[in-house]
Amino acid sequence: MFAHLLRTLTTALLITVLTTASGTVTAAPLRALIVDGQNNHKNWPETTQMMKRYLEDSKLFSVDVVTHAPKGEDPTFKPAFAEYDVVVSNFGHGAAAWPADTQAALEAFMNAGGGLVVVHAADNSFPDWPAYNEMIGLGGWGGRSEKSGPYVYYTDEGKLVRDTAVGKGGAHGPQAPFAIIVRDSSHPITTGMPSSWMHAKDELYDSLRGPAENLTVLATPGL
């Protein structure tokens with residue numbers, strides 16, 4: 001059986017997703033905000049700067065970074081989400097809750113049509129924030145279980161399954177190369193992509209759980 005659905009897209013695919021979703025290049029670059037500050041991966045500052053550089057090098061984005069306090073809750077963390085077109089979260093697993101008004105601001109930004117990309121451990125954050133889990137569809141760790149929602153995956157026969165079995169949310173094996181299979185080639189993001197390709201050695205999340213509502217599966221790992 002294919003590994004459970006779709007970890008957060010890697011940086012290279014992230015850029016493809018964002019640039020394709022933006023349509024044709026315009027004179028004014030799209031405004032992107034990277035949020036970071038806490039993460040279970042120690043190299044998160046380098047990851048943020050790498051993503052910032054890649055996005056700016058595309059000439060499609062202007063990029064700002066806002067950083068939460070490195071430990072505990074930060075009542076001063078109040079990014080101006082509404083000033084941007086897309087928020088890229090590098091705010092990871094085990095991180096502190098955001099202030100209630102900051103959560104409300106991100107919800108308002110999304111409800112107004114803003115974009116959100118969660119990178120790697122950012123899909124592990126905020127297990128008790130219902131709206132965030134609706135935004136990401138599926139997440140892992142943080143105590144997620146069958147109470148968080150179903151597993152979502154494709155079988156070897158190509159059937160999409162929503163599995164409500166009892167079990168924890170979030171796991172991964174050793175880093176290794178793996179195949180990516182496009183499941184919806186008609187979507188603007190995946191149009192023109194090969195039907196499958198090999199991803200470089202990486203950490204592949206599996207057994208993610210969440211509300212999985214209004215979810216369009218574009219690609220999954222496969223055999």
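Guide: Gladly! Helices (H or I, at least four residues) and strands (E, at least two) are DSSP runs, numbered from the N terminus. By that rule the protein has four helices and eleven strands. Please keep in mind that this is a predicted model, where local features need pLDDT of at least 70, side-chain atom pairs count only at pLDDT 80 or more, and totals for chains, interfaces and linings use all residues. Residues are numbered from 1 along each chain as its sequence is written, and side-chain values use heavy atoms, with hydrogens and water left out.

Visitor: Why is the aromatic pair of Phe-77 and Phe-91 called stacked?

Guide: Rings of Phe, Tyr and Trp (its six-membered ring) pair if their centres lie within 6.5 Å; planes under 30 degrees apart count as stacked, over 60 as edge-to-face and the rest as tilted. Phe-77 and Phe-91 have 6.2 Å centre to centre and 15° between the planes, so the pair counts as stacked.

Visitor: What makes this pair tie parts together?

Guide: Phe-77 lies in the loop between strand S2 (61–67) and strand S3 (86–89), and Phe-91 in the loop between S3 and helix H3 (100–111), so the pair joins parts 14 residues apart in sequence. Both residues are buried, meaning under 20% relative accessible area (1.4 Å probe, protein chains only).

Visitor: How do you know that Arg-209 lies over the face of Tyr-151?

Guide: The rule asks for NZ of Lys or CZ of Arg within 6 Å of the ring centre and within 35 degrees of the ring normal. Arg-209 is at 3.8 Å from the ring centre of Tyr-151 and lies over its face.

Methods:
Buried < 20%, exposed > 50% of the residue type's maximum accessible area, 1.4 Å probe, protein only.
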